[in-house]
Structures are given as structure tokens and as C-alpha cells.
Amino acid sequence: MPVVFAGTVGLFMPAGSGSPRTDTAVLFASPWGLEEISTRKFRRLLAEDLSKEGMPSLRFDYPGTGDALDPPDFAGGSRVWEDSLVAAAALLRSAGYGRLVIVAQGLGAALAVNAAPRIQNLDGIALLAPVLSGRLHLRELALWAKVVDGYLQIKEEYRVKQGVAIAGLTMPEEIAADVRKLDLKQISHPVAGHCLLLAAPGQAGTAEFAARLRGLGAEVTEGAFTGHQELIANPLTARVPFGVVAKIVSWASRLKTAAPSKAATADPAFAAPKSLFGEGFEETPVRFGAGERLYGVLCRPKGDRAGATAILLGSAYDRHSGWGRLTTETARRLAASGVASLRFDAANVGDSPPLAGAPLQVLYNDSQQADVAEALDYVESRALLPAIAVGRCSGAYLAFQSALKDRRLRGLVAANSFTYYWDAARPYDPDTTPLALKAYQGKLFKLETLGRLFKGEIGVNSLLKVKSAIGKKISRLLWLRLGFKLMGTKEQVETQKNFMTLLKNNISCSLIYSQEDIGLDNILNNFRIEFRKLAGFDNVDVDIVEGADHNLTPGFSRDVFRDRILNMASKF
């Protein structure tokens with residue numbers, strides 16, 4: 001159930017039907033940055049299992065993150081985020097829950113520990129890989145940011161070198177200054193009567209911190225956060241540690257107390273989602289689709305509409321706010337220009353549960369087209385047609401496929417799509433997602449690469465993949481340049497047919513590519529680009545953005561993306 005409070009958006013998960021009612025609710029304090037994006041699904045699954053045990057929960061976004069409003073300033077430092085945690089606790093109390101348990105991870109654990117004296121009736125805190133030393137945490141973030149930038153092949157001149165930033169997100173300077181001073185091993189105030197401390201593998205200082213908590217009167221249960229690194233490293237490959245989920249649920253269940261004095265749904269805050277208002281926009285968190293299975297945010301202009309509604313589709317397993325908050329910020333800028341939008345999590349991504357009968361791996365799977373159809377049903381029910389589809393990477397593929405099948409979509413904007421046709425028999429393996437062929441060629445003949453191969457640090461399959469990519473490139477060039485149509489692969493033939501369908505249906509299409517993206521290699525090997533047009537397809541514009549990465553991290557590439565969306569929406 002979406003809720004709006006204190007300038008932010010939360011999701012309240014009620015106790016499961018048939019479960020004994022309890023007076024105890026769970027409040028989530030999330031980590032920040034790439035860790036927050038990667039663990040979004042983890043928190044949803046944890047909330048679902050807590051619900052089955054009769055424990056309701058609330059998870060939310062800190063000010064200036066996710067779907068929350070940007071505060072006027074961050075002069076209060078980390079207290080700005082701590083205040084939102086206190087407000088969330090107060091919301092649960094107002095709904096009739098007299099006792100509280102906090103589940104906090106990473107930086108969220110430090111915020112929860114600091115805010116604990118201001119939270120009434122706090123029975124317990126689960127501290128998951130807590131940030132014990134702020135200074136050490138910021139150093140680790142800086143190192144990890146370099147790894148992410150390198151993985152994305154962001155050029156040196158476009159990397160953020162000032163302040164604390166990772167994955168397109170920048171921590172406010174005032175908050176970073178407070179984080180730098182954090183040392184939980186030196187806390188002097190009681191935190192909660194019961195603490196669950198799950199340390200990440202190799203995490204230093206946890207024994208000292210546990211001793212400190214016990215000295216302050218807490219009963220401390222210690223354990224390992226097994227699978228921590230596999231969970232937080234990358235949203236695309238994040239693996240949920242179900243053993244840790246079970247451990248947290250078991251611990252929290254022992255703290256729950258008798259039934260509340262009133263039903264949570266009786267409070268006006270939980271009756272229906274309210275709206276957030278910002279400069280030029282109004283946002284309402286919504287559930288829609290069959291059984292309200294999908295979760296998203298409808299963003300509308302405060303004034304008159306001026307164009308088609310943009311259906312903003314997520315990429316891979318990024319939550320609906322997007323990589324580096326790209327989608328949230330784009331939606332609000334569009335609204336300021338009169339364009340409405342709907343951004344949402346597809347099934348089994350972020351805060352939308354799986355679709356019954358669909359595979360666990362939903363990327364490049366036809367099941368996601370049902371999600372887009374239900375998003376269009378919702379938009380149509382609100383009299384917000386016509387619509388355009390917008391996506392990046394796998395979201396761009398989904399936008400393209402949806403435009404082929406649903407005539408309510410009049411146009412599409414696709415950024416860095418790897419392909420426009422996917423063989424259903426082809427398994428998707430995120431560990432073998434291709435880089436640009438140029439990147440392979442640069443790595444293939446390096447002595448360092450050969451050395452790592454012999455040491456077993458690089459699998460033989462990785463180099464076979466290079467051979468396959470080069471072979472495909474030769475085949476495509478022969479097919480495209482020399483007209484050897486009989487050599488065309490199924491992918492080549494189907495891609496041509498798909499673009500021809502868009503042309504016949506008069507669907508406007510805007511393609512955006514980073515200059516060195518693998519998707520650009522693919523499109524150039526199937527079509528020619530002439531004067532920002534796809535040769536033979538007057539309905540398709542193409543932009544090639546120099547210096548941009550696959551995720552459109554630098555600001556100038558985001559500006560191109562937003563400009564093309566606005567241009568497309570304004571056509572209708």
C-alpha cells in the first residue's frame with residue numbers, strides 16, 4: 001500500500017491475512033547509493049516474509065533519494081535523513097502500532113542508531129552489515145565508485161571527482177560531512193533492548209561494537225551476513241540471500257507482541273495514496289494491474305498537459321527511479337514542460353512481485369509485455385492517452401517490442417538497446433553480457449589478459465565470446481554491405497521486419513546510442529545511418545552521443561535523453 005508522508009513515499013505491507021494480529025510493526029532503514037538499488041528486491045521479499053508472520057512493515061525513501069522530494073537544503077546534515085526515519089516511526093504509531101522493530105542496513109544502520117533515542121517504544125534493531133566507521137565507509141565508496149566507472153567505461157574527464165558519488169548518485173556534502181564523523185563503536189546512548197548484528201564477511205570492528213551495545217544494556221544476537229557482496233555489488237546480478245532473510249524474520253518474530261488497539265487501515269494516512277507536489281509536478285504513488293500487482297508513480301504537470309504520456313520503463317533490475325535517479329528526475333522535468341508520465345517496476349523487479357507462471361528471469365522475456373499493456377490500461381483509465389514508450393538497455397528493447405504490438409503507443413525513445421529481436425530459446429546470462437567489440441579487441445591481445453587466462457582468472461568462455469562476436473560482425477557486414485541475403489541470420493531478418501512494421505504503422509522512433517556502445521555496433525551492422533536517420537526508415541531518428549556510457553551517467557547524455565523524450569511526446 002503506497003503512502004505519502006513528510007515529503008516522501010513509502011510502501012506499507014500489512015500483516016498477511018489469516019495471521020494473528022500484532023502490536024509490533026517493522027520499519028526499514030535502507031542503505032544509500034548502489035547498495036540501495038541492489039537491495040530493493042531483498043527488502044520487498046523480507047517484507048513479504050514478515051507479513052506472513054503477522055508483522056506489518058514500512059519501507060520508504062530518504063529525502064532527495066528515490067521518489068522522495070528534494071528538500072530545500074541539507075543544512076541539517078545527516079539529521080535530515082534521520083528525521084525522516086523518526087517521521088516514519090510516528091506514522092506507524094499513528095496507525096495503531098505501539099511497538100517497533102527496525103531493520104537497518106549499511107548507512108541506514110548508522111542513521112537508525114543515531115535516531116533511536118527519538119523513536120518511541122523501540123524494541124529491537126537488526127543491524128545488517130552496519131557502517132561502523134563513516135570515514136572508512138566513504139573511502140570504500142570512493143574505491144567502489146572507481147570500479148563502477150571502470151566497468152561502465154566512463155571516460156576520465158566525465159567522472160565525478162569531487163564529493164561522494166557512485167552510480168550516478170551524489171551524497172549531499174552536508175550529509176557526507178556528518179558521515180565522515182561517524183564511529184558507532186563510541187556510541188554512548190542505549191539503542192534498543194534487542195539487537196541482531198549480522199556482519200559482512202571480513203567486516204572489522206563488529207566484536208567491539210557488539211560489546212558496546214551489550215554494555216549499554218542490549219541483548220545482542222550475532223551472526224554472519226552470508227552472501228552480502230553478491231547482494232550489493234550489482235543490481236543486474238544481485239542474489240538474494242534467503243538464509244539471511246529467514247534469520248531476520250525468525251529474530252523479529254520473537255519480538256512481536258499482542259494485537260494492536262486499532263486496525264492500521266483505519267488511519268487516514270493508509271486509506272488512499274496522497275500526492276507529492278514539487279516545482280511544476282504532482283506525483284502519486286499507485287498500484288495497478290490485475291490484483292494491483294504492479295507498483296509505480298504517476299507524475300503529472302500542475303498545469304495543462306502538452307503532449308503524449310511517457311511510459312518510462314526500467315532497465316534490468318534497476319528500481320523505477322532509475323540508475324542515478326535518472327527516471328525520477330526525467331519525469332519531473334517532463335511534467336514541468338506539460339508531459340505526464342508513469343514510471344513503474346515490472347513484475348519481479350523492485351517493488352512489484354512476480355507474475356504467476358512467469359519465469360524468475362524476466363529480462364528479454366515476453367511476460368514483461370503484459371506489464372506494459374497493464375500500464376497502458378491504467379493510463380487509458382485516467383484519460384491520459386496517447387502514450388509513448390521510453391526505455392534504456394533492456395527497457396529500450398521492451399519499449400520497442402511493446403510499440404510493435406500495442407497501437408496505443410504512438411512513438412518510442414530507445415537508448416542503448418542491445419538488440420531489437422530476442423530469440424526466446426536463447427537464455428539470458430548477465431555474466432556474459434557483451435561489451436562493445438572495440439573493447440574486446442583492445443583486451444584480446446594484451447599480455448595481461450593472456451596471463452589472467454592462464455591463471456584461471458578469466459574463463460575460456462569469455463574469449464570464445466570474442467571469437468563469436470567477431471564472427472557475427474563479419475557475417476552481418478557481408479549481409480548488409482554485399483547484399484548476401486541468404487546469409488542473413490534469423491535475428492537480422494526479424495530485426496528488419498520489426499522496423500518495417502513500425503514504419504507501416506506510422507510509429508515514430510528515436511534511437512539514442514553512446515558512441516562506443518555494443519548496441520550501436522549491432523544497429524550499424526544491420527542498417528546504415530545517414531544524417532541522423534536510419535536509411536530507408538523516415539520514421540526513425542538516431543543520435544550518437546560521444547562520451548556517454550551505457551547507463552547515461554554524465555549529465556550531458558541525460559539532457560539528450562530528456563530532450564528526445566520531450567520532442568517525441570510533443571508530436572502527439
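Trainee: Which residues does G350 touch, not counting residues up to four places away in sequence?

Mentor: A contact means heavy atoms within 4.5 Å. With residues up to four places away in sequence left out, G350 touches R40, K41, R44 and D345. The model is a predicted one, in which local features need pLDDT of at least 70 and side-chain atom pairs count only at pLDDT 80 or more, while totals for chains, interfaces and linings use all residues. Residues are numbered from 1 along each chain as its sequence is written, and side-chain values use heavy atoms, with hydrogens and water left out.

Trainee: Where is the place of G350, and does G350 count as buried or exposed?

Mentor: Secondary structure is read from DSSP runs, where helices are H or I runs of at least four residues and strands are E runs of at least two, numbered from the N terminus. G350 sits in the loop between strand 15 and helix 11. For accessibility, buried means under 20% relative accessible area, exposed over 50% and partly exposed in between, with a 1.4 Å probe and protein chains only. G350 counts as buried because its relative accessibility is 4%.

Trainee: How many helices and strands does the chain have, and what share of its residues is buried?

Mentor: There are 18 helices and 21 strands in the chain. Of its 572 residues, 57% are buried. Among contacts between residues at least 6 apart in sequence, 75% join residues at least 24 apart.

Trainee: With which residue does R40 form a salt bridge?

Mentor: A salt bridge is a side-chain nitrogen of Lys or Arg within 4 Å of a carboxyl oxygen of Asp or Glu. The structure holds 39 of these. In one of them, R40 pairs with D351, and the closest N and O atoms are 2.7 Å apart. R40 lies in helix 2 (residues 40–52) and D351 in the loop between strand 15 (341–345) and helix 11 (367–381), so the pair ties together parts that are 311 residues apart in sequence. Both R40 and D351 are buried.

Trainee: With which other residue does D351 form a salt bridge?

Mentor: D351 also forms one with R59, the closest N and O atoms being 3.1 Å apart. Because R59 belongs to strand 4 (residues 57–60) and D351 to the loop between strand 15 and helix 11, this pair ties together parts 292 residues apart in sequence. The relative accessible area is 2% for D351 and 8% for R59, and R59 is buried.

Trainee: Which parts of the chain does the salt bridge of R562 with E329 tie together?

Mentor: The closest N and O atoms of R562 and E329 are 3.4 Å apart. R562 lies in helix 18 (residues 555–570) and E329 in helix 10 (residues 326–336), so the bridge ties together parts that are 233 residues apart in sequence. R562 is buried at 8% relative accessibility, whereas E329 is partly exposed at 28%. Elsewhere, salt bridges that share partners join E36, R40, R43, R59, D61, D67, E283, R319, R332, R343 and D351 into one network.

Trainee: What order do the strands of the open sheet of 8 strands have?

Mentor: Two strands pair if DSSP finds at least two bridges between them. The order here is 1-2-4-3-5-6-9-10, with mixed pairing. Strand 1 (2–5) and strand 10 (219–224) stand at the edges with a single partner strand each, so one side of each has no neighbour in the sheet. Strand 2 (residues 8–13) pairs with strand 4 in the antiparallel sense over 4 bridges, and L11 stands opposite R59 in strand 4.

Trainee: At what angle do the axes of helix 3 and helix 4 cross?

Mentor: Axes are lines fitted to C-alpha atoms, for helices over the stretch in contact, and angles run from 0 to 180 degrees between N-to-C directions. The axes of helix 3 (residues 79–94) and helix 4 (residues 107–115) cross at roughly 70° and come within 9 Å. That makes the two helices roughly perpendicular; angles of 65 to 115 degrees count as such, those under 35 as roughly parallel, those over 145 as roughly antiparallel and the rest as oblique. In this contact, W81, E82, L85 and V86 of helix 3 meet L107, L111, A112, N114 and A115 of helix 4.
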